[in-house]
Amino acid sequence: MSRLLAAGCLVALCGAALAAEEKRGQVTNLPLPRFVSLKANEGNVRRGPSLTHRIDWVFKRRDMPLEITAEHGHWRRVQDRDGAGGWVHYALLSGVRTVLIEQDMAPIHTRPDAGSPVDAAFELGVVARLGECTPEWCRVSAGGYKGWIEKTALWGVGKDEIRE
């Protein structure tokens, strides 16, 4: 009996571990949610996943980071930093990672250390290319400048995300 009880607990623990794993997209089998960027200069955002659905608005910023929250065929439900979004055709999206600077005059350091020299400062709203990330810092580049910024000053990267 104790063997069955132990096996039952093990199954319960395994189930909890599986539930804690990332949700995956039905189309791509990639993690959901996940970050991407807008490939085009403009992208129609539709109410539903087809050309017959009404266009609610248009994203007009190339390389803008977006978060994919759902998939349906060739369509991805995305949202921006403010939570605004809808359905966008996958051809308008890129896997190239960018981030939005959320702090005005955010310091860009030479190393992932607050005590290291500051090479530049990025204004609020700058879109930067995302490089590697540690638990607390990310390497970014924009406008010919590159360096390290604290992850808390960024939108477009997961809180626990590590990139090499």
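These are my notebook entries on a predicted model of a single chain.

**Ground rules**

I number residues from 1 along each chain as its sequence is written. Because the model is predicted, I read local features only at pLDDT of at least 70 and side-chain atom pairs only at pLDDT 80 or more, while totals for chains, interfaces and linings use all residues, and side-chain values use heavy atoms, with hydrogens and water left out.

**Overview**

I looked up the secondary structure first. The chain has 1 helix and 16 strands. Helices (H or I, at least four residues) and strands (E, at least two) are DSSP runs, numbered from the N terminus. Of the 164 residues, 37% count as buried. I take buried as under 20% relative accessible area, exposed as over 50%, and partly exposed as in between (1.4 Å probe, protein chains only). I then checked contacts, meaning heavy atoms within 4.5 Å. Among contacts with a separation of 6 or more, 51% join residues 24 or more positions apart.

**Strand S3**

I followed S3 (34-38) next. 5 of its 5 residues are buried, so S3 is largely enclosed by the rest of the structure. Strands pair if DSSP finds at least two bridges between them. S3 runs antiparallel to S6, with 4 bridges. Val-36 has Leu-66 of S6 as its bridge partner. S3 also pairs with S9 (residues 93-94), antiparallel, through 2 bridges. There, Ser-37 stands opposite Ser-94.

Most residues other than glycine have a negative phi, and most peptide bonds are trans. I looked for exceptions. The peptide bond from Leu-32 to Pro-33 is cis, with omega near -10°. Pro-33 sits in the loop between S2 (31-32) and S3. Asp-63 has a positive phi of about 75°. Asp-63 is in the loop between S5 (55-59) and S6 (65-72), and it is partly exposed at 35%. Met-105 also has a positive phi, near 55°. The Met-105 loop runs between S10 (98-101) and S11 (106-109). Met-105 is partly exposed at 45%.

**Cores**

A nonpolar core is a set of buried Ala, Val, Leu, Ile, Met, Phe, Trp, Tyr and Cys residues joined through side-chain atoms within 4.5 Å. The largest has 16 residues, and those touching the most other members include Val-99, Phe-122 and Val-140. S10, S11, S12 (118-122), S13 (127-133) and S14 (137-142) each supply at least two residues of this core. I listed the contacts of Val-140, leaving out residues up to four places away in sequence; among them are Ile-108, Leu-130, Tyr-145 and Leu-154. A second, separate core has 11 residues, including Leu-32, Phe-59, Ile-68 and Val-78.

**Salt bridges**

I count a salt bridge when a side-chain nitrogen of Lys or Arg is within 4 Å of a carboxyl oxygen of Asp or Glu. The count comes to 7. Lys-60 and Glu-42 meet at 3.5 Å, N to O. Lys-60 is in the loop between S5 and S6 and Glu-42 in the loop between S3 and S4 (43-46), so the pair ties together parts 18 residues apart in sequence. Lys-60 is exposed at 60%, whereas Glu-42 is partly exposed at 48%.

I also found a network of salt bridges linking Arg-47, Arg-54 and Asp-56. Asp-56 reaches Arg-47 at 2.9 Å. The Arg-54 to Asp-56 distance is 3.6 Å. Asp-56 is partly exposed at 27%, and Arg-47 is partly exposed at 49%. Arg-54 counts as exposed at 52%.
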